[in-house]
Amino acid sequence: MFNETVLKEIKQISGKYPTTRAALLPALYVAQREFGHLGADAYEAVSDVLGVPKAIARGVGTFYAMYKHKPMGRHIVQLCTNVSCMILGAEKLSDFLKNKYGLEPGGITPDGRFSLVIMECIGACGTAPAMLVNDDFYENLTEKYIEEILEKYK
Amino acid sequence: MEKVLLKNMENPNSADINEYKKIGGYKNIPKAFEFQPKEIIEEVKLSGLRGRGGAGFPVAMKWTFASAYPNFPKYLLCNADEGEPGTFKDRPILEKNPHLLIEGMVISGYAIGAEYGYIYLRGEYPHAKDVLNKAIAQAYDNGLLGDNIFNKGVRFHLTVHQGAGAYICGEETALIESLEGDKGQPRIKPPFPVNVGAFSKPTVVNNVETLSNVPYIIEVGSEAYSKIGSQECPGPKLYCVSGHVEKPGVYELPMGTVLRDIIYMHCGGIKGGKRLKAVIPGGATTPILPAEKIDCPMDFVNMPKHGSMLGSGAIIVMDESVCLVKVCYRILKFLEHESCGKCTPCREGTGWLRSILGRIENGEGAEGDIDLLLSVSGNMAGKTFCPLGDGAASVTQNFIKHFRNEFEEHIKRAKCVMRNE
């Protein structure tokens, strides 16, 4: 269940659409923020507040890559490896994250500090290779630069 | 050329409404309101504006259909889901010039008779979401959005709808499904969104760059606008260049600028003085062009004559060090991941192509694999629900068409011939 403040927030969101159902994607984002990832309890909460069957909510949630279905690290490293980033060395950076931090794609560090997600183009091709850490863009990446960036996230 | 879409970019506060007003922003809304909606559509028709998302569909035609269809309310959706690998042209507008887009949407909404707009923003642009929300709030505060804009009785409400990481939602009917709270799976057409779109109402879906052209058309008039760039599809165009060039980035140039000039004149040529091998001119799923075939005007009409497509204007430049089997494999891996699963040729075909390309790249390709790739892609082309599957087939066919030798060498020598080992 969501608390009162969150319920109000979702109500306010759904007021921007002609149907309650249209608030499903934003509500799933809210649930992800509240629960950390989308598990059974999160889907139940969303289903309750919007009146959307749980099976539908889960079906929609699992379609989209940015909804997480397992516990994530405190900070999510989202590295792009699509063409523009790949030809400028993104795969080496992925290896670097694995060797230096033990971060495998889809994995989490043992201390729960970082998760790594391999992204499909984050629209930073002109400054490739690039990644997002949580909501922050980092571009023209090198191994050294990645070390500096990750220092900032405790 | 005067900057239309990327104006004021050097101003660090360009996203603020007052900065936008200082350079003449929002003055085209009252000007547009002096005309009948039909007259605005006519003006856009005369301007020759075509959709900048990739398909190049005449904008005024969509508007006319939606405006004429007798069902209310109508919706205007802005497609800000730029997910085509290599594309980052809308990001500067979204992050630094949000009021240009809002102004364009208010005018376009008025022309169509749409009272509600949504900006479908890709989930991977969190910063743009904050900027847009702030800009929309400012626009409401200034009476530029709401129930009675400029006291002219014009109503337009605007909301940002955040996508959640699905390339397919750039396809307009999948985008509508996603807006409605469903999986982003394309709908069968007809009915077309202009008749039965979002929430079963007449809906126009236009790209960010497209809508951002509208205020300028109102400002200078269709005649002046249509003198910019190519005659067949005029206007300014954002080209986003990535890969092995000295100066990658987003360039606003007249539509129809020659690809070679973009790479060598504007972007400073190939990085480190290396030799150019190939260019993907319009985003990852447009047909690849070998180095010797880049003397083509980059517009919707001329690119097909030169064997490719303008697409989103996302130019990926690759030098001699790049393994094209690997690039082809990477694009198919992407498309397999992004296939929505609705239709069989795409769902199964993308996986098979990725798998065969993967084994060729890994030195495990078998004789006959190239023909197998062509057979699988031949069974996908024209047989899928939406352009994603067609794109997968076309990518494979065009890489083989121009670089068959490289595929054959991989198979013959049972290894990636481009890898330095």
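Reply: Along its sequence, chain A reads α-α-α-α-β-α-α-β-β-β-α. That gives seven helices and four strands. Both element types are DSSP runs, numbered from the N terminus: helices are H or I with at least four residues, strands are E with at least two.

The model is predicted, so local features need pLDDT of at least 70 and side-chain atom pairs pLDDT 80 or more, while totals for chains, interfaces and linings use all residues. Residues are numbered from 1 along each chain as its sequence is written, chains are lettered from A and ligands numbered from 1 in the order in which they are written, and side-chain values use heavy atoms, leaving out hydrogens and water.

The four strands of chain A form an open sheet in the order S2-S1-S3-S4, with mixed pairing. Two strands pair if DSSP finds at least two bridges between them. Strands S2 (114-119) and S4 (136-138) of chain A are the edges, each pairing on one side only. On average, neighbouring strands in this sheet are turned by 25° against each other, direction ignored. Axes here are lines fitted to C-alpha atoms, for helices over the stretch in contact; angles run from 0 to 180 degrees between N-to-C directions.

Now the S1-S2 pair of chain A. S1 (residues 75-80) and S2 of chain A run parallel and share six bridges. In that pair, A:Cys80 stands opposite A:Met119. Helix H7 (residues 143-151) of chain A packs on the sheet. H7 of chain A touches S1, S2, S3 (131-133) and S4 of chain A, and its direction makes about 15° with that of S3. Contact means heavy atoms within 4.5 Å.

A nonpolar core is a set of buried Ala, Val, Leu, Ile, Met, Phe, Trp, Tyr and Cys residues joined through side-chain atoms within 4.5 Å. Buried means under 20% relative accessible area, exposed over 50%, partly exposed in between, with a 1.4 Å probe and protein chains only.

The largest nonpolar core has 84 residues. A:Tyr64, B:Met318, B:Val327 and B:Phe399 touch the most other members. Helix H15 (residues 387-412) of chain B supplies the largest share, nine residues. B:Phe399 contacts B:Ile280, B:Ile288, B:Leu324, B:Val327, B:Cys328, B:Ile331, B:Arg404 and B:Phe407, leaving aside neighbours within four places in sequence. In soluble globular proteins, nonpolar side chains tend to be buried together.

Chain A as a whole has 154 residues, of which 55% count as buried. Its C-alpha atoms fill a box of roughly 50 × 35 × 25 Å along the principal axes. Among its contacts between residues at least 6 apart in sequence, 59% join residues at least 24 apart. Chain A exposes about 7000 Å², and carbon and sulfur atoms supply 52% of that. Accessible areas come from the Shrake-Rupley method with a 1.4 Å probe; for residues, only the protein chains shown count as cover.

Chain B has 15 helices and 10 strands. Of its 421 residues, 62% count as buried. Its C-alpha box is roughly 75 × 45 × 35 Å along the principal axes.

Chain B also holds an open sheet, with five strands in the order S3-S4-S2-S1-S5 and mixed pairing. S3 (146-149) and S5 (203-207) of chain B each have a single partner strand, so one side of each lacks a neighbour in the sheet. Here too, neighbouring strands are turned by 25° on average, direction ignored. S1 (residues 74-80) and S2 (residues 114-121) of chain B run parallel, joined by seven bridges. B:Cys78 stands opposite B:Ile119 in S2 of chain B. Helix H9 (residues 208-225) of chain B packs on this sheet, touching S1 and S5 of chain B. The direction of H9 makes about 95° with that of S5 in chain B.

Further along chain B comes a hairpin: S6 and S7, with five residues between them. S6 (residues 236-243) and S7 (residues 249-254) of chain B run antiparallel and are joined by six bridges. There, B:Val241 stands opposite B:Gly249.
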